[in-house]
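I opened my notebook to look at some strands and helices. Here is what I looked up, entry by entry.

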Amino acid sequence: MSIQSPTTLLELAGSSLLSDKSRAILDLEDLPIELFPPLFVEAFSRGHTEVLKKMVQAWPFTCLPLGALMRKPQLEMRLYLPLLCCGPRRRWKLQVLDLRRAPWNFWRMWSGAVVDACSPEDIKKNRTLKVGPAMAAKLPLKIFIDLCLTEGPMDEFLTHLFLWVIQRRDRLHLCCNRLKIFGKPTHHTRKVLRLLQLDSVQKVEVHCTWVPSTLATYAPFLGQMRNLRKLLVSQVHVPAHTSPEEQKWLLAKLTSQFLRMDCLQKFCVDAVLLLEGHLEQTPLEALSITNCPLSDSDWNYLSQCPNTSQLRHLDLRGIKLTNFSPVPLQILLEMVAATLKSLDLEACEITDSQLQAILPALSRCSQLRILCFFGNRISMSVLKDLLLHTARLSQLSRELYPAPLESYDSQGAIHPGRCSQLCAELTAILKEFRQPNILIFRTISCPQCGRMFLYNQGLLHCSCPTAA
């Protein structure tokens, strides 16, 4: 039997006030600010439209975080909530209407500082940028929303919201911190981007198959995102009929915009063939390049780029390194030894000799917390050497290594007993120096079930029924 928390005096007062809606509207002028958030939630849940309109006009804080409330299944409220802000603004303090998702208990855990800011990182800013009602009435109202654009039609709420912003562009600024694009961009995508305050965008993810010409068309929008911190682009392919001259022109148009992104901290590309040979035009702090080819110039530039000295995360999953010299990676690891926190070299086809070449530099990465070598064919002797070099990295909390080559028979099939024995030996070597937190050895695909054998400090897992 659950015990419900007793109703607070503020909630009782709010419920009493809302029982007489006309009195609630009249009493807003004298309402204590502590009562505004719980009363607003109560009025919202009851659908008291007139009370909500008046509360918005009398809202005593700079930000109204509606996103948490709008997660409730009340479609009719979604359709006309923007209209709540259309009343006279001469006495407003409201500067931001926040439609981003937030935990439902955001409103319940009320405090002046929290409600007066749109997010914890905005608290300090709000304290220094507060303006009086007269000045707030003259400033455009900022509307914050996270957007996910697809090929399909926009839902009714977004359609209504965009129309509302278009009709009042002189009084409303539509801001977006996180923008995701799935599927082929449409004319609606361009309309939305033109509507946004692009300098408000901090994270962009493009998850779709684009041709370079389409990406180049959208490049100017990226260039206007001066505060962009993360850019992820995947699945950009060059059509077979594209000439080298056209490729060069398209690439120049795209990468020229990167140079305008002064705040870019993380750049991620996946299966982007057009990047080959032009990585040096991209500003780097945190870098993720996965499942796409690198040219010799790209690979060599990794150790020469002036913006990699503070690199914290390096992800090269699926980049075939077999034919590259290990020297650039060795130099890069030496440069970032004091800052690197995660290194992912999964399925890079690293050879024994390449891994041995980078071990001295890897052992000096004192801040390293996550290390992944899954999917590489490494011998038992080199894996022992690897663990001896990483054994004194005290910050390591997640270590993901391939099972030794000796775990397989001559036909490439996994030998469970031998694999378990070898992984136990490797685990014992590491435990002589420190107690590992997460330590996993993984094989390639099991021939019987298609999944992997995982050795996790004594347990060998496989979904294959014959593996036992």
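Which residue stands opposite proline 65 in strand 2? I found that it is aspartate 98.

Before going on, I noted that this is a predicted model, where local features need pLDDT of at least 70, side-chain atom pairs count only at pLDDT 80 or more, and totals for chains, interfaces and linings use all residues. Residues are numbered from 1 along each chain as its sequence is written, and side-chain values use heavy atoms, with hydrogens and water left out.

Entry: I looked up how strands and helices are defined: they are DSSP runs, numbered from the N terminus, with helices being H or I of at least four residues and strands being E of at least two. Two strands pair if DSSP finds at least two bridges between them. Strand 1 and strand 2 (residues 96–98) are joined in the parallel sense by three bridges. They belong to an open sheet of four strands, in the order 1-2-3-5, with parallel pairing. Strand 1 (63–65) and strand 5 (172–175) each have a single partner strand, so one side of each is left without a neighbour in the sheet.

**Entry: a helix across it.** I saw helix 10 (residues 156–167) lying across strand 2, strand 3 (141–144) and strand 5, at about 140° to strand 5. Contact here means heavy atoms within 4.5 Å. Axes are lines fitted to C-alpha atoms, for helices over the stretch in contact, and angles run from 0 to 180 degrees between N-to-C directions.

**Entry: strands 6 and 7.** I found five bridges between strand 6 (residues 178–182) and strand 7 (residues 203–210), which run parallel. In this pair, phenylalanine 182 stands opposite histidine 207 of strand 7.

**Entry: strand 10.** Is strand 10 (residues 286–290) mostly covered or uncovered? Mostly covered, I noted, as five of its five residues are buried (under 20% relative accessible area, with exposed over 50% and partly exposed in between, using a 1.4 Å probe and protein chains only). In a regular strand, side chains alternate between the two faces of the sheet. Here Ala286, Ser288 and Thr290 are buried on one side, and Leu287 and Ile289 on the other. Strand 10 also pairs with strand 11 (residues 313–315) in the parallel sense over two bridges, and serine 288 stands opposite aspartate 315 in strand 11.

**Entry: helix 18.** I listed the buried residues of helix 18, among them Cys419, Leu422 and Ile429. What covers the buried residues of helix 18 includes helix 17 (380–390) and strand 14 (398–402).
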